[in-house]
Amino acid sequence: MGERLSVLCKNCLFTEEFELGKENESEYSIQELINNFIDDKKVKKSILKRSKYNIPILDMKHEILICSKCGNMKGKTVIEFADGYITRYCCEKCGHELESFDYHEIRKAACPDCNEKALMVKEHIFWG
Ligand SMILES: [Zn+2]
Ligand SMILES: [Zn+2]
């Protein structure tokens, strides 16, 4: 079961695609999981450490994260472990921590490119 969301800015035509939805972590080895979904070195390390101690994954999903400081939007894989650790990511542009973002609120978010509140959902595809 997958979901893909295309976002478009009506002002500057910025466009970005995001994967959304749950992922079944048992389909992947921990190495595959890291290689396929995680691009942050620190997060990779934290995951490997937990795998070493056999701490189970409770939840894994693809989300849109947003920087409350500069408006940067990123599609990230958020994984929650049984010890309470949840993967956290920082904004590549300004270093501020990214927060989860509900795409239903897209009209309230500023475009990462032109800073206008002109974002809309262009397409929302489900499969699986
Ligand atoms: Zn930022
Ligand atoms: Zn824009």
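Reader: Met1, buried or exposed?

Author: Met1 is exposed, because 9 other C-beta atoms lie within 10 Å. The cut-offs, with C-beta atoms placed from the backbone, are 20 or more other C-beta atoms within 10 Å for buried, 12 or fewer for exposed, and partly exposed in between. This is a predicted model, where local features need pLDDT of at least 70, side-chain atom pairs count only at pLDDT 80 or more, and totals for chains, interfaces and linings use all residues. Residues are numbered from 1 along each chain as its sequence is written, with chains lettered from A and ligands numbered from 1 in the order in which they are written.

Reader: What does Met1 touch?

Author: Leaving out residues up to four places away in sequence, Met1 touches Gly21, Lys22 and Gly128. Contact means C-beta atoms, placed from the backbone, within 7 Å.

Reader: Which strand pairs with β1 over 8 bridges?

Author: That is β6 (residues 119-127), antiparallel to β1 (residues 2-9). Strands are DSSP runs of E, at least two residues, and helices runs of H or I, at least four, numbered from the N terminus; two strands pair if DSSP finds at least two bridges between them. Ser6 has Glu123 in β6 as its bridge partner.

Reader: And how many bridges join β1 to β2?

Author: 6, also in an antiparallel arrangement. Leu5 stands opposite Phe18 in β2.

Reader: New topic: which residues touch the most other members of the largest nonpolar core?

Author: Leu65, Ile66 and Leu98, in a core of 14 residues. β3 gives the most to this core, with 4 residues. A nonpolar core is a set of buried Ala, Val, Leu, Ile, Met, Phe, Trp, Tyr and Cys residues joined through C-beta atoms within 7 Å.

Conventions: Contact = placed C-beta atoms within 7 Å.
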